Amino acid sequence: MASWGICKNANLLRSSISTLNANSYDRPSIRLICSSCTSRRLRTGLQTHQERDGQRTLFTFPGTSKKKEYQGKKLVGYSMDQMFEVVSDVEHYRDFVPFCQRSLVTLRTPDNLRAELVIGFPPVRESYVSNVKLVKPTMVRAVCTEGKLFNHLVNFWRFYPGLKGNERSCVIDFSVSFEFRSLLHSQLAHLFFNELVRQMEKAFVEEAERRFGKASVKTKLLSTSNAIQAGS
């Protein structure tokens, strides 16, 4: 897994944004997550000190939308039950899901759970509440219901039988849709959304390997749509 941390441009961005009118952004601390590739995208994607209608704006991001969506299917070398166990284990997300710093299940029934989650990039953290619908071993659907970070956030996992004759394989159909409340967060997320989703998907398969051993088959991308370009 790639090494993630505070982008080396963060201090520059913080000091620059402090010069803006306070009403231009809601001005929570700026979070920048980057690997070497996203750092390069950041440097090339930002256009600084643009003049528009007589007012200075610090950044422009071409084609930025507040709403982001992704759907992808992958064949993995673990059974439906095994992948359901990993994805539904929300209480331990803090141990293996990128950027999840805290995960506490406050209510649990056979078909539903409610969890308080904290995501962030030190020293800034944001919390939200997730309601999770469980249908073993075929579906996990998590919806953000409370929090200041998102207008909406939905993660949807579906699990189907994999290769014929190989019960230790399945097809994962994963989709995510979210919209930040903050336009600034949305603009920054535009720079690293593809990599963030890839890291999340990879984390669950790696956790399955940690729990259940080597995969029976190599992970294979079957389809992908919207913001994410094809890749394994």
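**Exercise 1. Helix α3**

Task: In this predicted model, find which residues of helix α3 are buried.

Solution: Begin by locating helix α3, which covers residues 80-88. A residue counts as buried when its relative accessible area is under 20%, and in α3 this holds for Met80, Gln82, Met83, Phe84, Val86, Val87 and Ser88. The helix is therefore mostly covered, with 7 of its 9 residues buried.

**Exercise 2. The nonpolar core**

Task: Determine how many residues the largest nonpolar core has, and which of them have the most contacts inside it.

Solution: The largest nonpolar core has 39 residues, and those with the most contacts inside it are Met83, Phe159 and Phe204. Next, ask where the largest share of this core comes from: strand β11, residues 170-180, supplies 6 residues. Finally, take Phe204 and leave aside its neighbours within four places in sequence; the residues in contact with Phe204 are then Met83, Val86, Val87, Tyr93, Phe96, Val97 and Trp157.

**Exercise 3. Aromatic pairs around Phe204**

Task: Work out how the ring of Phe204 is arranged relative to the ring of Phe96, and which parts of the chain this pair ties together.

Solution: A pair of aromatic rings is described by the distance of the centres and the angle of the planes. The model has 6 aromatic pairs. For Phe96 and Phe204 the centres are 5.5 Å apart and the angle between the planes is 85 degrees; because an angle over 60 degrees counts as edge-to-face, that is the name given to this pair. Phe96 lies in helix α4 (residues 93-96) and Phe204 in helix α5 (residues 183-212), so the pair ties together parts that are 108 residues apart in sequence. Phe96 is buried, with a relative accessible area of 11%, and Phe204 is buried at 3%.

Trp157 and Phe204 form a further edge-to-face pair, with 4.7 Å from centre to centre and 65 degrees between the planes. Since Trp157 lies in strand β10 (residues 150-161) and Phe204 in helix α5, this pair ties together parts that are 47 residues apart in sequence.

**Exercise 4. Pro137 in its loop**

Task: Locate Pro137 and list the residues it touches, not counting those up to four places away in sequence.

Solution: Pro137 is placed in the loop between β8 (124-135) and β9 (139-147). With the sequence neighbours set aside, Pro137 touches Met80, Asp81, Phe84 and Phe159. Pro137 and Ser88 are 49 residues apart in sequence, while their C-alpha atoms are 9.6 Å apart in space.

Definitions and conventions
Residues numbered from 1 in each chain as written. Predicted model: local features only at pLDDT ≥ 70, side-chain atom pairs only at ≥ 80, totals over all residues. Heavy atoms only, no water. Helix = DSSP H or I, 4+ residues; strand = E, 2+ residues; numbered from the N terminus. Contact = heavy atoms within 4.5 Å. Core = buried A, V, L, I, M, F, W, Y, C linked by side-chain atoms within 4.5 Å. Buried < 20%, exposed > 50% of the residue type's maximum accessible area, 1.4 Å probe, protein only. Phe/Tyr/Trp six-rings, centres within 6.5 Å; stacked < 30°, edge-to-face > 60°.
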